Amino acid sequence: MTILYNDRFVDRENIQVDIEDRGYQFGDGIYEVIRVYGGNLFCLEPHLKRFARSAKEIGIDLPYTPERLGERILELVKKNNLTDGTVYLQVSRGSAPRSHPFPANSHPVTIGYTVSAPRPLEALQKGIKTILTEDIRWLRCDIKSLNLLGAVLAKQKAVEAGCQEVIQHRDGMVTEGSATNVFLVKDGTLFTHPADNLILHGITRQVVLELANELGIPVREEAADVDDLFHADEVFVTGTTTEVSPVVAIDGKPVAKGVPGTITRKLQQAFEAYIGLPHQSGTGLS
């Protein structure tokens, strides 16, 4: 596999991470995951814009312009002959003697690689099961940083409960999943947490909001409480690798009738049209 390493393309076996890289020791860095459909990068510009914003928020000066990064990512996809999958991109603050303050002399380290992966068709068709858990993460979830231990612990709870995702809450107010944004539908209106510091400003989330507007589906960006989930007509999550995945159960209780809802199906179909793919989520819509 070819890896993008500090603006060079090298073989994976030739990559070495220094023991004092701040990404390794502190999680001091940022990342993005970009979906590839049919060899085409999905929403590359918004991803790079968010990447640059995350870097700015934690004081990392990116060594390349977003345009240059975009060019290199496109080359990486071609070099690895990636058709369907993801591109992972990260930048750490670099290597320096271990100390908490920003080092005076360090150089950001860039790594990018590709992963071949199909679409999550089973989850799209049948829906996923979730559990509720308290959101224990830091208060800057809008920064896509390498500090993911809170998300890792949450996801592990889901796995141990035989579920595919968690729905997190702070003091009873729903925030997001471990790696997804959460939506609920009530009386034909779509609800989702506002894009503030408590959630990641998901690229797929934003696309879905635009599609809902085009479909004439009312949207309210406001936090719902946990009780709202159990009285919702539909619940679904969105993400780069999850697309628009229906939630059919929460804490072992079915969401409404326990099957994907009509508005969720409409948004799935609109999303597939948006990415230029034939409709294949098994929604029964044409």
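Begin by selecting helix H6, residues 203–214, where Ile 203, Thr 204, Arg 205, Val 207, Val 208, Leu 209, Leu 211 and Ala 212 are buried; buried means under 20% relative accessible area, exposed means over 50%, and partly exposed lies in between, with a 1.4 Å probe and protein chains only. Helices (H or I, at least four residues) and strands (E, at least two) are DSSP runs, numbered from the N terminus. This is a predicted model, in which local features need pLDDT of at least 70 and side-chain atom pairs count only at pLDDT 80 or more, while totals for chains, interfaces and linings use all residues. Residues are numbered from 1 along each chain as its sequence is written, and side-chain values use heavy atoms, with hydrogens and water left out.

Stay with H6 for its length: the helix has twelve residues and reaches 17 Å from its first C-alpha to its last, close to the 16 Å expected at 1.5 Å a residue, where the expected span is 1.5 Å times one less than the number of residues. Just after H6, select Gly 216, which takes a positive phi of about 75 degrees.

Next, select Thr 238, in strand E13 (residues 234–239). Is Thr 238 buried or exposed? Thr 238 counts as buried, because its relative accessibility is 1%. Leaving out residues up to four places away in sequence, Thr 238 touches Thr 180, Asn 181, Phe 183, Thr 204, Arg 205, Val 208, Glu 243 and Val 244, where contact means heavy atoms within 4.5 Å.

From Glu 243, follow the polar contact of 2.6 Å that joins its side chain to that of Arg 119. A polar contact is a pair of N or O atoms within 3.5 Å; within protein, one must be able to donate a hydrogen and the other to accept it, and residues adjacent in sequence count only if both atoms are side-chain atoms. Arg 119 lies in the loop between strand E6 (109–116) and helix H4 (121–126), and at 12% relative accessibility Arg 119 counts as buried.

Now turn to the aromatic rings. Rings of Phe, Tyr and Trp (its six-membered ring) pair if their centres lie within 6.5 Å, and planes under 30 degrees apart count as stacked, over 60 as edge-to-face and the rest as tilted. A search of the whole structure finds six aromatic pairs. One of them is Tyr 37 with Phe 42, which is edge-to-face at 5.8 Å centre to centre and 80 degrees between the planes. Tyr 37 is buried at 6% relative accessibility, and Phe 42 is buried with a relative accessible area of 10%. Phe 42 also pairs with Phe 271: their ring centres are 5.6 Å apart and their planes stand at 75 degrees, so this pair is edge-to-face. Because Phe 42 lies in the loop between strand E4 (40–41) and H2, and Phe 271 in helix H8 (residues 262–274), the pair ties together parts that are 229 residues apart in sequence. Select Tyr 37, Phe 42, Phe 271 and Tyr 274 together to see one aromatic cluster.

The buried residues of H8 include Ile 263, Leu 267, Ala 270 and Phe 271. After H8 comes Gly 276, with a positive phi near 75 degrees.

The next stop is the largest nonpolar core, which has 21 residues, those with the most contacts inside it being Leu 41, Ile 73 and Val 87. A nonpolar core is a set of buried Ala, Val, Leu, Ile, Met, Phe, Trp, Tyr and Cys residues joined through side-chain atoms within 4.5 Å. The elements that give two or more residues to this core are strand E3 (29–37), helix H2 (44–57), helix H3 (66–79) and strand E5 (85–92). Apart from this core lies another, of 20 residues, among them Tyr 37, Val 208, Ile 217 and Ala 270.

Finish with Cys 43, in the loop between E4 and H2. Cys 43 has a positive phi of about 55 degrees although it is not a glycine, and at 13% relative accessibility Cys 43 counts as buried.
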